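Please find below a set of numbered notes on the model.

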Amino acid sequence: MRSCKELREAKKVECCDKGLSAADLALLGTLGSVLPALERLNLMERSSAAGPDGVQRLAEGLGAGALPAVTWLRLSMHVGDAGASALAAALGRGAMPQLKRLLLT
């Protein structure tokens, strides 16, 4: 993405092996409310840059109504029990209300 406008209007975001840290994922979580067009989010990270709590920090930032158009989410990174619980809690409070497919690999 070259600009905030492009990110705000993006329907699909793929981030593969970019060295995403837990802080990056936390920031993405807080941006969830300003990405109204995003339908597909694919985050793949084979390195351990995000550490054991990256997905947890992402999910904790997702409030009610965050990522409102996302129907497809793929997280190919360490999720762990805490990350899975935090993701379930985010969905329970209304994040990603249109989610149809969740892939944790």
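1. Helices (H or I, at least four residues) and strands (E, at least two) are DSSP runs, numbered from the N terminus. In this scheme Leu7 belongs to helix H1, residues 4-9. Residues are numbered from 1 along each chain as its sequence is written, side-chain values use heavy atoms, and hydrogens and water are left out. This is a predicted model, in which local features need pLDDT of at least 70 and side-chain atom pairs count only at pLDDT 80 or more, while totals for chains, interfaces and linings use all residues.

2. Confidence. pLDDT is the predictor's confidence in each residue, from 0 to 100. The chain has a mean pLDDT of 92, with 98% of its residues at 70 or more. Confidence is lowest in H1, where the mean is 84, and highest in strand E3 (residues 72-76), where the mean is 97. Where pLDDT is low, the predicted coordinates should not be read in detail.

3. Helix H2. Which residues of helix H2 (residues 22-31) are buried? They are Ala22, Leu25, Ala26 and Gly29, where buried means under 20% relative accessible area, exposed over 50%, and partly exposed in between (1.4 Å probe, protein chains only). These residues are on the same side of H2 because they cover an arc of only 105 degrees around the axis; the arc is that of the directions from the helix axis to the C-beta atoms. An α-helix has 3.6 residues a turn, so residues three or four places apart point the same way. The buried residues of H2 pack against strand E2 (40-44) and helix H3 (54-60).

4. Ala50. This residue sits in the loop between E2 and H3 and is buried, with a relative accessible area of 7%. Contact means heavy atoms within 4.5 Å. Residues up to four places away in sequence aside, Ala50 touches Leu20, Ser21, Ala22 and Leu25. Between Ala50 and Leu25, 25 residues apart in sequence, the C-alpha to C-alpha distance is 7.6 Å.

5. The largest pocket. On a 1 Å grid over the protein atoms alone, a cavity is a set of points where a 1.4 Å probe fits but cannot get out, and a pocket is an open set with protein on both sides within 12 Å along at least five of seven lines; lining residues have an atom within 4 Å of a point. Grid points are joined across faces, edges and corners, and a volume is the space filled by probe spheres set on the points. The volume of the largest pocket is about 280 Å³. Its lining has 14 residues, of which Leu7, Val13, Cys15, Leu20 and Leu28 are the closest to the centre. Strand E1 (12-16), H2 and E2 are the elements that give two or more residues to this lining, and H2 gives the most, with 5 residues. By class, the lining of the largest pocket has 12 nonpolar, no polar and 2 charged residues (Ala, Val, Leu, Ile, Met, Phe, Trp, Tyr, Cys and Pro count as nonpolar, Asp, Glu, Lys and Arg as charged, and the others, Gly among them, as polar).

6. Leu7. Is Leu7 partly exposed or buried? Leu7 counts as partly exposed, at 28% relative accessibility.

7. The cavity. The structure holds 1 cavity of 30 Å³ or more, and the space in the largest cavity is about 30 Å³. Leu41, Leu58, Leu62, Leu67, Leu73, Leu87 and Met96 form its lining, which divides into 7 nonpolar, no polar and no charged residues.

8. Positive phi. Leu67, in the loop between H3 and E3, has a phi near 50 degrees, a positive value in a residue other than glycine. Leu67 is buried, at 4% relative accessibility. Asp17, in the loop between E1 and H2, also is not a glycine and has a positive phi of about 50 degrees. Asp17 counts as partly exposed, at 32% relative accessibility.

9. Asn42, in strand E2, counts as buried at 6% relative accessibility. Beyond four places in sequence, Asn42 touches Val13, Glu14, Cys15, Trp72 and Arg74. Val70 lies in the loop between H3 and E3 and is buried, with a relative accessible area of 0%. Leaving aside neighbours within four places, Val70 is in contact with Leu38, Glu39, Met96, Gln98 and Leu99.
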